Amino acid sequence: MSETRTLSLSEIEDLSFRALLAAGTADANARPLAQATAATEADGVASHGLAYIPIYCEHVQCGKVDGQATPVLERPKPGVVTVDAATGFAHPAIDLGFQTLIPAAREQGVAVLAVKNSYNCGVLGYHTYRLAQAGLVALGFTNAPASIAPSGGSKPVVGTNPFSIAVPGSDGQPALLIDQSASTIAKSEVMKHAREGKPIPVGWALDPDGNPTTDPAVGLKGSMAPSGGYKGVGVALMTELLAAALTGATLGINASPFSGTAGGPPRTGQFFIAIDPGVTANGLFESGVLNLVEAIRSQEGAHIPGDGRRAKRQLADTEGVAVSTATLAKIEALLG
C-alpha cells in the first residue's frame, strides 16, 4: 500500500498553484486549475487531482498547452456563448464562459457555451456542479483523443468522451450529479494502474486486436472498452458531435494525446447547456426532483449519483485529504 500524507484543501490548492506558476503558467490560468484540483481531491477522484499536476506542468514546459494563453469570449447570439481557449488550459476558458453563460441562461431560459482549441478539462462534473449551484440544470460534454474503437472495429475513432448532468437542489447543492465517460472506466484510471504496475480488471480495456486484456500497458496501446458495448460507442459519438463538431474543436481522431509530450496542443472542446428550470416546468421542477430523489432514497442500499462525492467533500472540508507521498515528491521536485 502506498504511503500518504494528509493535506487540507487549501494546502492542495496552494501546492498546485505554486507548481503551475513554477512551470510557466500565468496566475490567472493557474488559479482556476488549482481550485479544481483541490475540489477534485475533495470529491475522492484522485486520478484527476494532484496526480495530474506534474503532467500539466510538463505540458506547459513542452508547449502542449500554453500556460500564458488568454481565452477569447464572443456572444454571436443572445443564447450562445463561445470561447476560444487559444490552446491554453480548459479551466480558465470555461470560467470565462460561465461568467456570461449563467446570466444568459437566466435571461433566455436556456443558453449554451461552446469552447474550442482547449485541453483536458479534468473532472467534467466539477464544472456542471457549479452551474447547478447557480440554480441551473446543466449538461456538459467534452471530447478527448481517440481511444474507443467503433462497434465491430479495433481502431479507436472517438475518445472516452465524458458527459455530465447536474440538477439543482433545494439546499444550494446539486440534487443529482451524473458524471461518466463513454468507456467502462476513465482512461486516467488505466494510466494510473500502468504507472503503479498493477493489472486492470477484465472489461476495462482491449488489446490492439480487440480482445480483453488485464495488462494496462497493452490496453493503452489498444482501446478502451465502451460502457454497454455499442451503446457506449453511441454516447461517445454524441459527445463528439457536441463537444468537437459543434464547437469547431479538433476531432478525437486528430487530437494529440493528453499524456506524453508529443503532438502539440490537442485543441479539443467542451460544450455546456444551461437551462433555467423555472421557465420550463411551471414551478413543478423542484417537487419533481424531490419526488424522484425520495423514491430512490426510500430503497435500502440505493445510490443517488453524486451522493458519494458530496459525503467525501464534507469530510475533506474538515479532515483534509490523504494524498500519495510519491505524487507530492514529484510536485515538490518541480518547486525545487
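This is a predicted model: local features need pLDDT of at least 70, side-chain atom pairs count only at pLDDT 80 or more; totals for chains, interfaces and linings use all residues.

Biologist: Why is the pair of Tyr-56 and Phe-89 called edge-to-face?

Modeller: The planes of Tyr-56 and Phe-89 are 80° apart. The label needs over 60 degrees, so this pair is edge-to-face. The centres are 5.7 Å apart, and pairing asks for centres within 6.5 Å.

Biologist: Which parts of the chain does this pair tie together?

Modeller: Tyr-56 lies in helix α3 (residues 53-62), while Phe-89 is in the loop between β3 (80-84) and α4 (90-108), so the pair links parts 33 residues apart in sequence.

Biologist: And how do you know whether Phe-89 is buried or exposed?

Modeller: Its relative accessibility is 2%, and the cut-off for buried is under 20%, so Phe-89 counts as buried.

Biologist: Which aromatic cluster does Phe-89 belong to?

Modeller: One formed by Tyr-52, Tyr-56, Phe-89, Tyr-119 and Phe-258. Tyr-52 is buried too, at 7% relative accessibility.

Biologist: Let us turn to charges. What makes you say that the charged end of Arg-313 sits over the ring of Tyr-129?

Modeller: The distance to the ring centre is 4.5 Å, and the limit is within 6 Å, together with an angle within 35 degrees of the ring normal. Arg-31 likewise lies over the face of Phe-17, at 3.7 Å from the ring centre.

Notes
Residues are numbered from 1 along each chain as its sequence is written. Side-chain values use heavy atoms; hydrogens and water are left out. Buried means under 20% relative accessible area, exposed over 50%, partly exposed in between (1.4 Å probe, protein chains only). Rings of Phe, Tyr and Trp (its six-membered ring) pair if their centres lie within 6.5 Å; planes under 30 degrees apart count as stacked, over 60 as edge-to-face and the rest as tilted. Helices (H or I, at least four residues) and strands (E, at least two) are DSSP runs, numbered from the N terminus.
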